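Visitor: Hello! I am new to protein structures and would like a close look at a single part. Could you take me through one chain?

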Amino acid sequence: MSGGAAQAVAATAQPRIGLGRRVRRDPELAIGVALLAVVAVVAIAPGLFAPQSPLAVNVDQALEGASAAHLFGTDDVGRDVFARVVHGARVTLSICAGALMLSALIGGSLGLVSGFIGGAVDMTLGRVVDVVLSFPPVVLGIMVTGILGPKTANLVFALATVYMPVFFRIARSGALAEAGQTYVEAARSVGLSEGTILYRHVLRNVLPLILVQYVILFPLVLQIEGALGFLGLGVQPPTPDWGAILQQSKDYILLAPWMSAFPGLAILWTALGLMLVGRSLQRRLDRR
Amino acid sequence: MARYLTQRLAASVVTALLASVIVFTLVRSVPGDVVAQMLGQTSDPTAERALREFFGLDLPGWRQYLAWLGNVVSGNLGMSWTRGQPVGPLIGGALLVTLQLGFMTLVVATAVGVPLGLVAGIYEGRLLDKAIQSFSLLGLAAPVFWVGLMLLVGVSSLAGWSPPLLYAPPTASVADNLAILALPIASLGLLQAAAYAQFVRQSVVSAFHQDYVRTAIAKGVPLRLVFFKHVLRNIGIPLVTFMGLILIQILGGAVIIESVFALPGLGRLLLTSIETRDYPVLQGALLVVVVIAMAVNLGVDLLYRVIDPRVRLS
């Protein structure tokens, strides 16, 4: 963490590195942040951009192409696709962010403990993780949501389960490496409890790994959430969710392609932003 | 080698068994089984009891599991509860579709992605590299089913062509079969080519920064020779591992893309068996998916040991 602390000190000591220079130093990060900023603003205040209701049905105007009144056209029951995509940002992103948070919390803490204490606990948890990892992620998602039923809570649970093993492994290998460090031995020798060492020292060194992994996995979760929604296993209509909108548009794909094009572009846009930021963070972590 | 193989196989069997227990429990933990679906709104206790007995659902869970496991070990996956067909051939037929899609995608992705990655790595930092990297990032960010849908729209509006609606096996008509598989392969292949390009580029770049490559360049070995003799040789090994990863990703992607293009593969079988609560088909299909994923991983590890003597020693 000393590197991060030093950076923080450096940043407060000389805060006037121009924005332009920062952008030039890491253009990928800048583009990624810009893409995500748009998504964040839209998700926080969708009403600001799309005053029309995402649920208002108007059959007279069904399946209309893009126009000034309906930027992204209308769907099969005349709802404004722009409003649905804009309002869908909050639904989709909060599900993904929440599921991934749950995944990081549970997977990360289990991995931390498992790597730090080792022994039988580590063996058992390792086996369980192997089992979960033996399913391809999408298949696991389909299995859990399909069997438990298409409810938002089940969707979050499914998405959290899919990437829990990844957080487990990252945290475990981080904790394993830290457990052998001299400072842990020193902390033990002055009589600190194992819990304190784990929480105050090991966790702080493993946390950056978990945070970077969070950003790296986010676009993947976004895609799986979209896929499950598309298969009808995710958020249920009429709630606007990017995957669910794509599911409802599927039957009109040749008749009204705009219904499918824009929610997919929204996923692409967000995933691209996350990937650019994630790559940049990973590079910084590797350099440390 | 033999000892390693035995150990790995044993571990795989244990994992597969645990996975099957999880699947079995999960499938049976939710309300609304096949009997409830068959009876619909009517509630006739006698009929319900008879049906449950018929499907073996009246037995305790662990006995159902052991009976199923015993049959699976002897090669019998049971009968479908809703189609009245044996599960084995049902899965076999679907698997053929998915495997054909998967392998053809792998070929396309490798043929497109590896050269792109090599070129990007050689021209690191130049315009060509940046263009390939942009393609690769877009490909990784795009949802596979959406790319499939957009290809369908693009092809039908630009070329006025759309694939046949009904699946044709290659044994019936090779042309029809390829026509219906073209777009699924293109959409899946595009995304996996993006992943390949990314990976190969990274391998080439890091190989060029190795000391022995620098030495070779410094002592005046022609760049072409350095590339073929040193760089290419060293990215071969990680590429094998990556190919395994790609194959598993293709398998997952195939499950989704099948439902876009109405292909009767494993993914569709999985989804319909979930909808109808057809437990024998669902359990069988999931088991097959897990076993394939494990076999790919095992195959990659073995291949790795064969081609890289360093791994064998450690």
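Visitor: Among contacts in chain A between residues at least 6 apart in sequence, what percentage join residues at least 24 apart?

Guide: Among those contacts (heavy atoms within 4.5 Å), 71% join residues at least 24 apart. This is a predicted model, in which local features need pLDDT of at least 70, side-chain atom pairs count only at pLDDT 80 or more, and totals for chains, interfaces and linings use all residues. Residues are numbered from 1 along each chain as its sequence is written, chains are lettered from A and ligands numbered from 1 in the order in which they are written, and side-chain values use heavy atoms, with hydrogens and water left out.

Now for chain A as a whole. It has 12 helices and 0 strands; these are DSSP runs numbered from the N terminus, with helices (H or I) of at least four residues and strands (E) of at least two. The C-alpha trace of chain A spans about 75 × 55 × 25 Å along its principal axes. Of the 288 residues in chain A, 48% are buried (under 20% relative accessible area, with a 1.4 Å probe and protein chains only). Carbon and sulfur atoms account for 67% of the accessible surface of chain A, which comes to about 13300 Å² (Shrake-Rupley method).

Let us zoom in on one residue. A:T145 is found in helix α7, residues 137-148 of chain A. With a relative accessible area of 0%, A:T145 is buried. A polar atom of the A:T145 side chain lies 2.7 Å from the backbone oxygen of A:G141. The backbone oxygen of A:I142 lies 3.5 Å from a polar atom of that A:T145 side chain. Leaving aside neighbours within four places in sequence, A:T145 is in contact with A:P150, A:N154, A:L155, A:A158, A:L228 and A:L233.

Two of these names lead us further along the chain. A:L228 is in contact with A:T145, and helix α10 of chain A covers residues 194-230. Between α10 and α11 (242-249) of chain A is a loop, and A:P238 has its place there. A cis peptide bond joins A:P237 and A:P238, with omega about 5°.

Definitions and conventions: Buried means under 20% relative accessible area, exposed over 50%, partly exposed in between (1.4 Å probe, protein chains only). Accessible areas come from the Shrake-Rupley method with a 1.4 Å probe; for residues, only the protein chains shown count as cover. A polar contact is a pair of N or O atoms within 3.5 Å; within protein, one must be able to donate a hydrogen and the other to accept it, and residues adjacent in sequence count only if both atoms are side-chain atoms.
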